[in-house]
Amino acid sequence: MFCRVNSIGIAGIEGYLVRVEADVSNGLPGFSMVGYLGSEVKEARDRVLTALKNSGYSCPPRKITVNLSPGDRKKDGTAFDLPIAVAVLGAYGVVPKDKLERVVIAGELGLSGEVKRIRGCLAIAAAAEELGMEWCCLPEGNRREGQAAGNIPVAGVRSLREMEEFLKYGPRAENIAEAEPEEEEESEDLPDFSDVIGQPHMKRAAEIAAAGMHNLLLMGPAGTGKSMTARRIPTIMPPLTLEERREISKIYSICGLMPEDRPLIRTRPFRSPHHTATVQAIAGGGRRPKPGEVSLAAGGVLFLDELPEFSRSVIELLRQPMEDRSIVVARVHGAYRFPADFMLVAASNPCPCGFFPDRNRCRCTERQVKTYLNRISRPILDRMDLIAEAAPIPYEELAAGKGSRQEENSESIRKRVHAAWLIQKERYQGLSVRFNSRMGRGELEQFCALGREEEQTMKRIYEQEEMSGRGRDRLLKVARTIADLEGEKRICREHLLEAAGYRRGVRFYWGGGWD
Amino acid sequence: MTEQEKQYLYLLCRIKGIGAVTLRRLWEELGSFQSIYYIEETDEMKKFPAFCRVAQKIRLGRSEQKKTEEEYHSLSEWGIQFITPFDENYPEKLKEIYDPPMGLWVRGKLPEKGCHTAAIVGARDHTEYGRAMAEWFGRELSAAGIWVVSGMARGIDSAAHRGALSSGGKTAAILGCGLKICYPRENYRLFQEIGETGCLISEFPPYAAPAAGNFPMRNRIISGMSDLVTVVEAREKSGSLITAALALDQGREVLAVPGRSTDPLSAGCNRLIKSGAQLADSPGDLLEIFSMKRQSERMVQEKNGKGLAKTEKMVYSCLDLQPKFLDEIIQQSGLSPGACMGALLELEWKGYVVRTANQYYGKKL
């Protein structure tokens with residue numbers, strides 16, 4: 001007898017329909033599986049047979065054939081255990097087949113017959129909804145994640161027996177309970193900007209960067225709070241919208257990074273890969289490509305601490321996603337596009353010892369400093385809109401700490417950033433651009449028009465700082481964000497001057513023009 | 001001295017391992033450079049055992065004779081003169097020292113006879129104060145007709161040259177490398193200008209690399225060529241103090257520009273003063289030594305804040321000669337970071353402020 005079950009395979013971050021077909025016939029007893037299977041799927045054979053036995057089903061020895069179609073796409077992962085088991089049961093006539101046409105099933109089986117968590121449930125549920133399915137059966141542990149995908153009803157199953165029950169009698173109430181609405185204010189232990197003592201310049205730069213999604217480079221000696229500041233940038237960005245949360249969660253779900261207790265990612269991503277990270281880890285890779293750090297940081301911050309220590313190829317690969325806001329990973333089976341709309345924050349020491357330009361402490365030779373800094377290539381430097389500087393903090397300030405002077409907390413900074421985001425949202429209505437940093441030439445001319453006096457200031461900056469045309473564009477975008485933060489309609493002289501202040505580091509550290 | 005003799009001297013100068021003193025002694029002993037060059041072929045060799053060592057070096061050097069002769073003939077093409085103590089224009093004062101170089105490669109015009117010369121030396125990593133002082137000294141001395149001698153190193157040396165170039169261009173740079181090489185590279189423009197209006201001097205052959213050992217050697221020429229040596233900024237242990245010590249050995253006057261006692265870059269100068277060097281707090285002190293009248297000096301002093309906008313005044317009043325980090329200025333002025341950065345950039349354009357490092361600002365003198 002023949003039985004067919006729907007399941008979903010994952011390619012990149014999108015799901016596609018996989019039909020799991022099982023046939024039980026007379027012949028030499030055995031279990032064979034076909035359909036271009038990865039080794040995880042091949043191993044399903046033993047898991048399924050043992051789980052069936054331990055769940056109390058008696059399957060008389062017959063010739064069992066399982067096929068996963070389409071047969072030309074490689075199938076990986078453990079999510080096909082449950083659909084294979086259901087298809088075999090259907091072929092034996094144990095479960096009714098009438099519902100199977102409109103149900104998507106996915107889950108991993110344990111030998112006892114329990115159903116275990118799998119990756120990528122969000123993508124599976126979303127794909128099921130798109131295919132017009134009526135039900136989606138997922139492991140109980142992934143139920144809330146699946147429910148978060150949207151409008152398709154999701155049933156959670158704990159064991160093979162529950163699966164059979166579902167197909168015979170329909171869902172039990174406890175298995176389809178909708179996720180209770182989340183409490184608004186999370187009592188999470190997020191770091192706060194008030195922990196960073198002093199460094200008003202760096203904080204201001206972080207605020208501007210967050211307001212316009214500008215890339216930020218932090219320079220300064222070790223232990224001055226560069227990483228601390230970077231870590232806190234996601235906390236001053238406005239909260240994620242539901243749409244954004246779904247997008248981000250989809251990527252995290254595929255990578256198996258979803259927290260168990262919540263259906264969707266709630267906080268803005270902050271990814272801080274170590275500087276030994278490989279190209280594959282950053283861009284996404286593997287034989288069956290999985291999203292890399294650039295995709296995991298989408299909608300949030302990608303933080304590269306000790307930028308010059310990263311391998312050159314890793315730094316260079318960032319150029320393309322920074323322009324296109326997505327990354328394409330090409331493999332023999334096809335190319336996969338992953339989102340990569342992140343804000344780059346990088347930190348670097350100014351020299352190997354870190355104290356340059358304080359010549360009383362820095363003992364590096366001119367050459368050492370140069371070689372160190374030159375590990376950051378011009379094209380990447382070119383994409384850094386703001387360069388902020390950190391200096392050693394005097395002891396009095398550290399000791400006075402929180403007692404004497406209250407540092408501003410993340411919430412009040414976030415309010416200002418949020419206001420700037422709203423201005424940008426209004427401005428770019430109907431355009432593909434969402435932030436000042438993403439403006440193209442056309443938008444730049446439309447929204448960054450300068451008055452006569454401002455034009456003169458711009459000219460002066462341009463000439464004094466030996467800028468390039470591209471440098472001018474970058475500066476204008478930053479000035480636009482500063483104006484938005486101040487709530488100004490037009491870019492004024494002081495906005496330009498401040499924006500110029502954040503780009504002057506390039507000339508000091510790397511010399512020459514802006515490119 | 002005949003042209004032929006000069007050429008032999010050139011060949012000898014190009015041989016590694018024969019110093020100025022050895023060469024002079026040999027000449028005193030043998031009478032001509034030709035006979036030194038062919039010392040192996042003469043009986044003189046047996047006179048002193050030490051000659052054998054010299055002979056060996058010369059033998060090694062002779063393998064390159066052709067190339068060196070070609071180099072000698074192309075010097076004029078490069079605009080380089082080869083000056084020996086037998087030449088008219090060899091610096092008079094240099095002959096007084098114990099180890100005057102037997103050959104100098106020169107580009108430009110050497111100081112005339114009887115001209116006053118003053119050396120200004122100091123640290124490579126300088127402060128704004130040191131830079132301003134060196135430039136001021138260089139400017140005033142050159143304007144008074146005194147040659148400014150220095151080493152064209154980064155920092156104080158370059159500032160002194162720049163000052164001199166801005167008023168008359170009477171300045172001599174003694175290099176630690178060959179004249180065909182500009183070291184440090186960022187001084188290329190300065191290198192060119194000094195070559196045109198002043199002179200570049202080196203005791204090393206045109207393509208000699210700036211080896212570390214060359215610099216202390218050229219220091220003796222800096223002090224030797226000068227009537228006095230002024231140290232502008234120096235650490236406790238520094239090359240400038242070597243120059244000062246050499247100057248004392250050579251019987252030159254040593255002056256030092258004082259600094260704050262807490263400033264490590266002035267520690268060397270203050271110690272010089274403590275041990276008897278003359279204190280020089282204006283170029284007038286140097287002019288007095290030459291018994292020249294103090295001219296109406298353009299004083300180096302802090303600018304007053306007239307004609308500045310209110311915020312600019314506020315920011316300027318927070319500044320000091322010692323550069324401060326932006327955060328400190330923000331804190332002291334009570335302005336927002338943005339306003340503060342804007343004001344600083346404005347002040348820099350107006351010439352009130354100098355940015356010494358990326359976000360470090362100090363008052364400009």
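The model I examined is a predicted one.

**Entry 1: helices 19 and 21 of chain A**

With that definition, I looked up where helix 19 of chain A meets helix 21 of chain A. On the side of helix 19, I found Glu453(A), Glu454(A), Thr457(A), Met458(A) and Ile461(A); their counterparts in helix 21 are Arg493(A), Leu496(A), Leu497(A) and Ala500(A).

I then turned to the geometry. Two packed helices are described by the angle between their axes and the distance between the axes. For helix 19 (residues 452-464) and helix 21 of chain A, the axes come within 9 Å and cross at roughly 15°. Angles under 35 degrees count as roughly parallel, and therefore helix 19 of chain A is roughly parallel to helix 21 of chain A. I noted the crossing of these two helices as right-handed.

**Entry 2: the sheet of chain A**

In which order do the five strands of the open sheet in chain A lie? I read the order as 11-14-17-10-18, with parallel pairing. At the edges I found strand 11 (270-271) and strand 18 (386-389) of chain A, each of which pairs on one side only.

I followed one pair of strands in detail. Strand 10 (residues 216-219) and strand 17 (residues 343-348) of chain A run parallel and are joined by four bridges. For Met219(A), I found the bridge partner in strand 17 of chain A to be Ser348(A).

**Entry 3: the contact between the chains**

How many residues does each chain bring to the contact? I recorded 21 residues from chain A and 17 residues from chain B. On the side of chain A that touches chain B, helix 7 (200-212) and helix 21 of chain A each supply at least two residues. The largest share of that side, nine residues, comes from helix 21 of chain A. By type, the side of chain A that touches chain B divides into nine nonpolar, six polar and six charged residues.

**Entry 4: helices and domains of chain B**

I consulted the domain assignment of chain B, which gives domain 1 (3-75), domain 2 (108-289) and domain 3 (310-363). The C-alpha centres of domain 1 and domain 2 of chain B lie 32 Å apart.

I next examined helix 9 (residues 214-225) and helix 10 (residues 239-249) of chain B, which pack at an angle of about 45° with their axes 9 Å apart. That angle makes helix 9 of chain B oblique to helix 10 of chain B. The residues in this contact include Phe215(B) and Ile222(B) of helix 9 and Ile242(B) and Leu246(B) of helix 10 of chain B.

**Entry 5: backbone details**

I found a cis peptide bond from Ser69(A) to Pro70(A), with omega near 5°. Pro70(A) is placed in the loop between strand 4 (63-69) and helix 2 (81-92) of chain A. In chain B, a cis peptide bond joins Tyr183(B) and Pro184(B), with omega about -5°. I also noted Gln199(A), a residue other than glycine with a positive phi, near 55°.

How values were computed: Residues are numbered from 1 along each chain as its sequence is written. Chains are lettered from A and ligands numbered from 1 in the order in which they are written. This is a predicted model: local features need pLDDT of at least 70, side-chain atom pairs count only at pLDDT 80 or more; totals for chains, interfaces and linings use all residues. Two strands pair if DSSP finds at least two bridges between them. Axes are lines fitted to C-alpha atoms, for helices over the stretch in contact, and angles run from 0 to 180 degrees between N-to-C directions. Angles under 35 degrees count as roughly parallel, over 145 as roughly antiparallel, 65 to 115 as roughly perpendicular and the rest as oblique. Two residues are in contact if their C-beta atoms, placed from the backbone, lie within 7 Å. Ala, Val, Leu, Ile, Met, Phe, Trp, Tyr, Cys and Pro count as nonpolar, Asp, Glu, Lys and Arg as charged, and the others, Gly among them, as polar. Domain bounds come from an automatic or database domain assignment. A crossing is left-handed if the near helix is turned anticlockwise from the far one by less than a right angle, and right-handed if clockwise.
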